[in-house]
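Notebook open, model loaded. I wanted to go through a few spots one by one and jot down what turned up.

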Amino acid sequence: MNVTWDAAGYERDFSFVPSYGEGVIDLIDARPGEKCLDLGCGNGALTAALCERGLDAFGMDASPEMLALARERHPDLRFEVGDATSFSLDAPVDVVFSNAMLHWIDARLQPAALACVAAALRTGGQFVFECGGHGCGARIHAALARAFAARGLDYVMPFYFPTIGEYAPLVEATGLRVTHAFLFDRPTALKGPDGMADWIRMFVQRPFEGMEAGLADKLIAAAVDELRADPELLRDGTWYADYVRLRMRAVKVH
């Protein structure tokens, strides 16, 4: 998860991330005043939304850029620095909520992250989250892989996108019981005529690490040129990302 965020650009051009997250909040079954951790809170928009729903919510994120923006936008809320794979809390909470964060964690570290979540919950507490699911961005990543291969380079997939069948057992191995699980397509409109290139630059950073900027630009341009011919991704002048989302609710039973 070593990503350096352009926090202002994220807020300006990719506000759909927290906007879609509001629907995930609907899965939470909690009373007003119950304590909630927004894990991977980003700019704090959903932390604020959780508070508006009556929860006593605070945010945690590993990105100093995002936390600085969260504190600027929501000075009355509490935000903490924390790594999702190694955090701990002074006292357990009733809800751990997470949106669009877990897929950034390598597969080998997913059990550690889920163990931290389970430890942060009281017995009977709930873990409600959404992340990228199996097949998320498949067309985009395939085009990038072909652009890399054409120059003799390997494209390493930077995300972990599991199926329900893969992820539910990992969740339940920590002492949580999955009560709701959905895997669904959600084509997502991107902003502006350069929306696809902007999306790649914002979110697909790891494969380009250490690469000369000019080469990175050429690889992105090659992938975008290929994707222009895909009617599912470019419709009437608007770019779409071929998102697939995994949404779950689990309750801590012991």
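This is a predicted model: local features need pLDDT of at least 70, side-chain atom pairs count only at pLDDT 80 or more; totals for chains, interfaces and linings use all residues.

**Val95**

I started with the contacts of Val95. Leaving aside neighbours within four places in sequence, I found Val95 in contact with Ile28, Ala30, Lys35, Cys36, Leu37, Leu121 and Gln126.

Where does Val95 sit? I found Val95 in strand β4. Buried or exposed, I asked next of Val95? Val95 has a relative accessible area of 0%, under the 20% cut-off, so I put Val95 down as buried.

Then I looked across to the partner strand. Val95 stands opposite Gln126 in β5. I also checked Gly124, which is 29 residues from Val95 along the chain; their C-alpha atoms are separated by 9.3 Å.

**β4 and β5**

How many bridges join β4 to β5? I noted six, with β4 (residues 93-99) and β5 running parallel. I looked at cover for β5 too: this strand spans residues 121-132, and nine of its twelve residues are buried, so I wrote "mostly covered".

**Glu34**

Next I went to Glu34, which I found in the loop between α2 (16-25) and β1 (35-39). Its relative accessible area is 9%, so Glu34 goes down as buried. Which residues touch Glu34, leaving aside neighbours within four places in sequence? I listed Leu55, Asp56, Asp94 and Arg122.

**Helix α6 against α9**

I turned to helix packing, where two packed helices are described by the angle between their axes and the distance between the axes. For α6 (residues 138-150) and α9 (residues 213-227), I have the axes coming within 8 Å and crossing at roughly 130°. That angle makes α6 oblique to α9. I noted the crossing of α6 and α9 as right-handed.

Who meets whom here? On the α6 side I wrote down Arg139, Ile140, Ala143, Leu144, Arg146, Ala147 and Phe148; on the α9 side, Leu219, Ala222, Ala223, Glu226 and Leu227. I sorted the residues of this α6 and α9 contact into nine nonpolar, no polar and three charged.

**Helix α6 against α8**

Then I checked α6 against α8 (residues 195-203). These helices pack at an angle of about 80°, with their axes 12 Å apart. I therefore logged α6 and α8 as roughly perpendicular to each other. From α6, the contact is made by Ile140, His141 and Leu144; from α8, by Met196, Trp199 and Ile200. The residues of the contact of α6 with α8 divide into five nonpolar, one polar and no charged.

Last stop, backbone angles. Most residues other than glycine have a negative phi, so I flagged the exceptions I came across.

I found Ala100 with phi near 60°, a positive value in a residue other than glycine. Ala100 is in the loop between β4 and α5 (110-120). Ala100 has a relative accessible area of 17%, so I called this residue buried.

Asp236 also went on my list: its phi is near 50°, again positive in a residue other than glycine. I located Asp236 in the loop between β7 (234-235) and β8 (238-252). Is Asp236 buried or exposed? With a relative accessible area of 83%, Asp236 is exposed.

Terms used
Residues are numbered from 1 along each chain as its sequence is written. Side-chain values use heavy atoms; hydrogens and water are left out. Axes are lines fitted to C-alpha atoms, for helices over the stretch in contact, and angles run from 0 to 180 degrees between N-to-C directions. Helices (H or I, at least four residues) and strands (E, at least two) are DSSP runs, numbered from the N terminus. Angles under 35 degrees count as roughly parallel, over 145 as roughly antiparallel, 65 to 115 as roughly perpendicular and the rest as oblique. A crossing is left-handed if the near helix is turned anticlockwise from the far one by less than a right angle, and right-handed if clockwise. Contact means heavy atoms within 4.5 Å. Ala, Val, Leu, Ile, Met, Phe, Trp, Tyr, Cys and Pro count as nonpolar, Asp, Glu, Lys and Arg as charged, and the others, Gly among them, as polar. Buried means under 20% relative accessible area, exposed over 50%, partly exposed in between (1.4 Å probe, protein chains only). Two strands pair if DSSP finds at least two bridges between them.
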